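Hi,

Here is the structure I promised to pass on.

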Amino acid sequence: MTEELDERVLDGNVLDGNAVGDLIRNELRECIATLEDEGVTPGLATVLMSEDPASETYVSMKQRACEDLGIESFHRELSPDAPAEELFDVVDSMNENPDVHGILVQMPVPDHVDKRRVLRSIDPAKDVDGFHPTNVGRLVAGDARFKPCTPHGVQKLLEAADIDTEGKEAVVVGRSDIVGKPMANLLIQKAPGGNATTTVCHSRTADLGEKTREADIVIAAAGYPELVDGEMIREGAVVIDVGVNRVDADNEKGYKLVGDVDFESASEKASVITPVPGGVGPMTITMLLFNTVKAASLQEDVPVELP
Ligand code: NDP
């Protein structure tokens with residue numbers, strides 16, 4: 001990494017996800033220009049079947065990010081009471097639409113919709129979340145087509161800060177299908193950004209602190225506010241905070257967002273640490289754009305140089 005880049009992404013020991021995201025988005029713009037030269041506009045379809053304000057916000061952020069980059073946005077909203085078959089019909093029509101290169105069904109879906117069937121219903125070639133069993137299998141086998149956006153974003157953050165994972169002790173806190181498991185899978189791959197000796201912790205881990213204190217790299221994705229504090233990390237560790245938790249606060253909104261890491265105490269010991277907000281969050285959306293551009297490039301057979 002050049003000194004100039006260094007200054008833009010690292011402020012002291014704080015790794016800026018907005019800055020890294022911007023650098024990647026700028027490179028994606030060039031990929032999109034190459035696609036446009038061949039008459040291809042990448043397209044992302046978002047499908048929302050929820051009135052949950054957080055889900056609505058996530059979807060509109062994704063749409064705005066697409067528009068900003070020149071990715072065409074297709075959007076369908078269904079009532080949470082609609083029959084499940086309506087959702088599957090929408091996904092089918094997106095699968096068949098040649099202008100749509102990526103499809104994202106915003107989770108969670110209502111209880112009467114089989115979530116696993118939703119994941120399986122998306123054409124794996126358009127599955128830009130990377131959650132279809134075919135894409136999960138490819139990731140595990142070391143032949144990823146679409147890396148899931150959040151763990152891929154973490155990998156890019158580490159890369160941008162010149163943190164080599166090879167030979168390092170990494171601890172991932174959390175084993176969900178969308179963050180913890182794919183994160184661990186990326187870290188153990190015999191590939192750049194991998195080759196780490198990786199431990200996965202979860203709610204049944206007997207002594208979490210004992211594990212995290214051994215780690216060169218701690219990636220917290222538990223959804224538990226400020227779970228990992230300065231006492232739980234070793235001096236000089238790299239700390240990546242995936243968590244986004246709403247906690248009560250004495251402000252206008254009545255709440256604030258905090259991560260899974262107690263930033264104040266952990267930042268005193270960490271060599272590099274990501275903030276919340278402004279760390280992993282912007283990277284997740286950036287890597288969704290990355291996967292959409294990749295999907296368009298593969299489907300339209302127009303090679304691009306992905307960042
Ligand atoms: P899940 O609730 O699906 O999974 C949480 C995982 O953490 C589970 O494996 C759980 O263990 C484990 N866990 C919970 N509490 C503890 C604890 N006290 N000690 C150790 N392990 C614990 O969450 P997600 O993976 O979907 O998300 C994790 C966090 O990341 C959330 O805060 C979420 O909002 C955030 N997130 C942020 C994104 C971003 O872009 N910044 C994107 C996606 C998620 P068990 O399996 O035993 O239950």
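**The cavity**

The lining of the largest cavity divides into six nonpolar residues, no polar ones and two charged ones. Before going further, bear in mind that this is a predicted model. The cavity count comes to one of 30 Å³ or more, and the largest cavity has a volume of about 70 Å³. Its lining is made up of Leu104, Val105, Met107, Leu119, Ile122, Asp127, Asp129 and Phe131.

Met107 turns up again in the backbone geometry, as the peptide bond from Met107 to Pro108 is cis, with omega near 0°. Pro108 sits in the loop between β5 and α5.

**The second largest pocket**

This one has a volume of about 320 Å³. There are 18 residues in its lining, and Lys147, Gln155, Ala191, Pro192 and Gly193 are the ones nearest its centre. Which helix gives the largest share of the lining? That is helix α7 (residues 149–160), with five residues. Sorted by class, the lining of this pocket has seven nonpolar, six polar and five charged residues.

**Salt bridges**

As a quick reminder, side chains of opposite charge can pair when their charged atoms come close. The count here is six salt bridges. Three of them are worth a look on your screen.

Start with Asp68 and Arg29, whose side chains meet in a salt bridge (3.4 Å, N to O). Asp68 belongs to helix α3 and Arg29 to helix α2 (residues 17–37), so this pair ties together parts that are 39 residues apart in sequence. Both ends are partly exposed: Asp68 has a relative accessible area of 47%, and Arg29 has one of 33%.

Next come Arg117 and Glu85, which meet through their side chains in a salt bridge (3.1 Å, N to O). This pair also links distant parts of the chain, with Arg117 in helix α5 (residues 115–121) and Glu85 in helix α4 (residues 84–96), 32 residues apart. Arg117 counts as partly exposed at 33% relative accessibility, and so does Glu85 at 43%.

Lys156 pairs with Glu159, and their closest N and O atoms are 3.8 Å apart. Lys156 and Glu159 are three residues apart in helix α7, so about one helical turn separates them. Are these two buried or exposed? Lys156 counts as buried, at 12% relative accessibility, while Glu159 counts as exposed, at 51%.

Tyr58, Met61, Val244 and Leu257 make a nonpolar surface patch of about 340 Å². Met61 is in helix α3 (residues 53–69), the helix that also holds Asp68. With a relative accessible area of 34%, Met61 is partly exposed.

Most residues other than glycine have a negative phi, and most peptide bonds are trans. You will find Pro277 in the loop between β12 (272–273) and α11 (280–300).

Asn195 is not a glycine, yet has a positive phi of about 60°. Asn195 lies in the loop between α8 (180–188) and β7 (197–201) and is partly exposed, with a relative accessible area of 29%. Glu226 has a phi near 50°, again a positive value in a residue other than glycine. Its loop runs between β8 (217–220) and β9 (238–241), and Glu226 is partly exposed at a relative accessible area of 38%.

**Two distances to get your bearings**

Val100 is in the loop between α4 and β5 (102–105) and counts as buried, at 0% relative accessibility. Arg138, in helix α6 (residues 133–140), counts as partly exposed at 26% relative accessibility. The C-alpha atoms of Arg138 and Leu48 are separated by 27 Å, and the two residues are 90 residues apart along the chain.

Cheers

Conventions: Residues numbered from 1 in each chain as written. Predicted model: local features only at pLDDT ≥ 70, side-chain atom pairs only at ≥ 80, totals over all residues. Heavy atoms only, no water. Patch = residues over 30% accessible without salt bridge, like charges linked within 9 Å, V, L, I, M, F, W, Y side chains within 5 Å. Areas by Shrake-Rupley, 256 points an atom, 1.4 Å probe, with all protein chains shown as cover. Salt bridge = Lys/Arg side-chain N within 4 Å of Asp/Glu carboxyl O. Helix = DSSP H or I, 4+ residues; strand = E, 2+ residues; numbered from the N terminus. Buried < 20%, exposed > 50% of the residue type's maximum accessible area, 1.4 Å probe, protein only. 1 Å grid on protein atoms, 1.4 Å probe; cavity = no way out; pocket = protein on both sides within 12 Å on 5 of 7 lines; lining within 4 Å. Points joined across faces, edges and corners; volume = space filled by probe spheres on them. Nonpolar A, V, L, I, M, F, W, Y, C, P; charged D, E, K, R; others polar.
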